[in-house]
Amino acid sequence: MKMTYDADHDCALELRTVRLRATPARLGVLHALEDADTPIDVATIIGHVRSRGVAADEATIFRILRVFTDKGLVKTIQFHEDKMRFEHAGKPSHHHFVCEKCGMIDDVVGCTVHELEKIIEKKKGVTVTRHTLEFFGVCARCR
Ligand SMILES: [Zn+2]
Ligand SMILES: [Zn+2]
Ligand SMILES: [Zn+2]
């Protein structure tokens with residue numbers, strides 16, 4: 001994971017726009033999420049925060065992630081693992097492919113589910129506000 005400390009300023013601003021004080025732990029969590037190319041778990045986030053010299057325990061990080069999720073900064077993603085993963089919500093909407101052999105996670109762009117959403121809305125008289133869709137299989141390298 002690359003370290004881009006000069007992005008600190010943007011992180012602080014981002015926190016301010018959702019009326020959160022820029023504490024070192026919050027900045028570290030946001031930073032970890034902005035740096036990540038794939039959805040990351042809490043252990044990875046803690047590692048990143050600690051690598052910046054911030055002492056934060058798991059409970060603190062979980063609390064920050066819950067606040068970030070409520071504020072719409074972070075999306076939680078569940079890949080049928082015994083843990084949650086987190087991704088920065090600023091990324092354009094996309095899905096993921098997970099290799100079940102090596103665990104590689106790749107972004108999948110070009111979603112065509114919106115047509116299906118319209119069909120569901122018409123058929124059932126409901127309003128669809130979001131969907132989750134993840135793909136599982138074997139990556140090109142493992143095949
Ligand atoms: Zn693989
Ligand atoms: Zn992603
Ligand atoms: Zn979609």
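Start by selecting K91, which is partly exposed at a relative accessible area of 26% (buried means under 20% relative accessible area, exposed over 50%, partly exposed in between, with a 1.4 Å probe and protein chains only). The model is predicted: local features need pLDDT of at least 70, side-chain atom pairs count only at pLDDT 80 or more, and totals for chains, interfaces and linings use all residues. Residues are numbered from 1 along each chain as its sequence is written, chains are lettered from A and ligands numbered from 1 in the order in which they are written, and side-chain values use heavy atoms, with hydrogens and water left out.

D107 lies in strand β4 (residues 105–108) and K91 in the loop between β2 and β3, so the pair ties together parts that are 16 residues apart in sequence. Helices (H or I, at least four residues) and strands (E, at least two) are DSSP runs, numbered from the N terminus.

Now show the zinc ion (ligand 2). E87 (OE), H94 (NE2), H96 (NE2) and D107 (OD) coordinate this ion at 1.9 to 2.4 Å. Donors are N, O and S atoms within 2.8 Å of the metal (3.2 Å for Na, K and Ca); water is not among the atoms, so sites may look incomplete. Both H94 and H96 are buried.

Move to the zinc ion (ligand 3), where H95 (NE2), C111 (SG) and H131 (NE2) are the coordinating residues, at 2.0 to 2.1 Å. H95 belongs to strand β3 (residues 95–99) and H131 to the loop between α5 (113–124) and β5 (134–137), so this pair ties together parts 36 residues apart in sequence. H95 is buried at 6% relative accessible area, whereas H131 is partly exposed at 25%.

Then select K83 and D41. They form a salt bridge whose closest N and O atoms are 2.7 Å apart. K83 sits in the loop between β1 (74–77) and β2 (85–88), and D41 in the loop between α2 (24–35) and α3 (42–51), 42 residues apart. K83 is partly exposed at 31%, while D41 is buried at 10%.

Finish with E81 and R85, whose side chains meet in a salt bridge at 2.9 Å, N to O. E81 is partly exposed at 29%; R85 is buried at 13%.

Technical notes
Salt bridge = Lys/Arg side-chain N within 4 Å of Asp/Glu carboxyl O.
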